[in-house]
Amino acid sequence: MRQAFFLAALALAGCGKKGGDAGPGPVTPPENFETELNTPGTAATTAPGDFTIVVLPDTQYYLGQPQLGGTPAMFNAQISWIKNNQVAENIAYVAHLGDISEHGDNPNYAATEWKLARDAIYGLENPVSIPYGLAVGNHDQYPSGNPLTSTTNYYNRYFGVKHYEGRPYYGGNYGGNNDSHYDLFSAGGMDFIVIYLEFDDQLVNAGAMNNWAYDLLGVYASRKAIIVSHSIMGNNPVAGSNTTKGNFSKQGSSIYERLKYRSNIVMMINGHHGDNGEGYRADVFEGHTIHTFLSDYQSRPNGGGGMMRLYKFAVANKEIRVKTFSPVTGVAETDGDSDFTVKY
C-alpha cells in the first residue's frame, strides 16, 4: 500500500493546496490547531459475503442550527447505531458526505460545533475501529466555497493527516492537508479505494484535484473505486422516484468527465442538495456504468431527523441494495428513490 502511495505522490509532486496570490501551496495552520491524536481500538472485522457501507449525509443542522429542530443527540444516535450494528450488518466502511459543521472555522461557532462533531465521530474508533472518512463541504470551509483560500483548520485539527496516519485503511492525502484524501479497505472478497474530493463548485482547483484522483485510480486499478464529494448531482426531478435522473452539479460534471475513463469506478456519492434530498443516476461510458447517489436530509423536519443511508453489497448477485432510515425515529423510507436496488 505505501509503495503505491509513494508512486502516486511522486507523480503528483507540485499539486498544492490553500494558496494565496502566489498560487496553490500548503498553508500551515496556527500552532493551536495541531492535529488531535488518539488511540483507536482493535480494527473492526467483517465476515465473508454481503457487507454494508454506511453513508452519513449533511449533519450541519444537528450541530449549528438548533432552531430548526436538529440536535447533537441525533448525530450521536447515528454513530451509536453504526457501532451497535457493525457485526449484524457486516459494516465495512462509513462515509460522511460533508457539511459536518454549519459554520466551519467561524470563530463565533467553530469551537463548539467541531467539538460536538469530534465527540460523535470519534465514537467510530472505540472500542473497535471502524474505517471511516469525511468529505469537506462548503460549510466546513471558511469562508464557504473556495478550496484555495478558505480555511479548514478545525476539520484538520480533528480529522487531519496525522490523526489518520497509522490506521490500516488510510491511504494518503492531496496537498498540504487532509481536505482531499483516500482510504483503502476490503470486504466481500473485493478491494476498494474511496477517494474524497473537497467541495469546489466554482472549479477553482477542481482540475488539479481531479487529476490527482485520476492518477490514483490508475495506481489502484485493481480496486473498485468509490468517489465521495459534497456536490456531485442534484435532486431527482420527481420526488420519490428514480424514473428521471437529476443533473450533475458543476463540480460533479467535472469529476465525471475527467474520471469516466477509469473503468474501476463503481459509484459516486454526495450530499449538499437539500429539498427532496435524494437522487440517482446511472451513466454508461465505453460499456462501464457509474452509479451516482445523492442523499441529503437537512431540509426535512428537525434538520434531517437522523436520516442516513445503507448501501448493502449483495456479492453473489452483484447488487447494491439502498436503504434509507433514521435510528432516531425508527422510520424507514420505502419510496422509489429511498429503497431500491441497482446492479454493479
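Tutor: Thr-45 is exposed, because its relative accessible area is 61% and exposed means over 50% (buried is under 20%, partly exposed lies in between; 1.4 Å probe, protein chains only). The model is predicted: local features need pLDDT of at least 70 and side-chain atom pairs count only at pLDDT 80 or more, while totals for chains, interfaces and linings use all residues. Residues are numbered from 1 along each chain as its sequence is written, and side-chain values use heavy atoms, leaving out hydrogens and water.

Thr-45 sits in the loop between β1 (42–43) and β2 (51–56). Helices (H or I, at least four residues) and strands (E, at least two) are DSSP runs, numbered from the N terminus. From Thr-45 to Ser-253 is 208 residues in sequence and 36 Å in space, C-alpha to C-alpha.

Now the part to look at: the open sheet. Seven strands make up this sheet, in the order β6-β7-β8-β9-β10-β12-β11, and the pairing is mixed. Two strands pair if DSSP finds at least two bridges between them. At the edges are β6 (170–173) and β11 (278–285), each pairing on one side only. From one strand to the next the twist averages 20°; axes are lines fitted to C-alpha atoms, for helices over the stretch in contact, and angles run from 0 to 180 degrees between N-to-C directions.

Eight bridges join β11 to β12 (residues 288–295), in the antiparallel sense.

Two helices come next. Helix α7 (residues 206–219) packs on the sheet. It touches β6, β7 (181–187), β8 (190–197), β9 (224–229) and β10 (265–270), where contact means heavy atoms within 4.5 Å. The direction of α7 makes about 170° with that of β8. Helix α8 (residues 250–259) lies across β8, β9, β10, β11 and β12. It runs at about 160° to β9.

A charge counts as over a ring if NZ of Lys or CZ of Arg is within 6 Å of the ring centre and within 35 degrees of the ring normal. The charged end of Arg-258 is over the ring of Tyr-214, 3.8 Å from its centre. Arg-281 lies over the face of Phe-248, and the distance to the ring centre is 3.9 Å.

Move across to β7 and find Asp-183. Asp-183 counts as buried because its relative accessibility is 0%. The Asp-183 side chain makes a polar contact of 2.5 Å with the side chain of Tyr-93. A polar contact is a pair of N or O atoms within 3.5 Å; within protein, one must be able to donate a hydrogen and the other to accept it, and residues adjacent in sequence count only if both atoms are side-chain atoms. Beyond four places in sequence, Asp-183 touches residues including Tyr-132, Tyr-169, Tyr-170, Phe-192 and Tyr-196.

The structure holds 22 aromatic pairs. Rings of Phe, Tyr and Trp (its six-membered ring) pair if their centres lie within 6.5 Å; planes under 30 degrees apart count as stacked, over 60 as edge-to-face and the rest as tilted. Phe-192 and Phe-313 have centres 5.6 Å apart and planes at 80°, so this pair is edge-to-face. Phe-192 belongs to β8 and Phe-313 to β13 (residues 308–314), so the pair ties together parts 121 residues apart in sequence. Both of these Phe residues are buried. They also share one aromatic cluster with Phe-51, Tyr-93, Phe-185 and Tyr-344. Tyr-93, then, is both a cluster member and the polar partner of Asp-183.

Finish with the loop between β10 and β11, which holds His-272. Its phi is near 80°, a positive value in a residue other than glycine. Most residues other than glycine have a negative phi. His-272 has a relative accessible area of 22%, so it is partly exposed.
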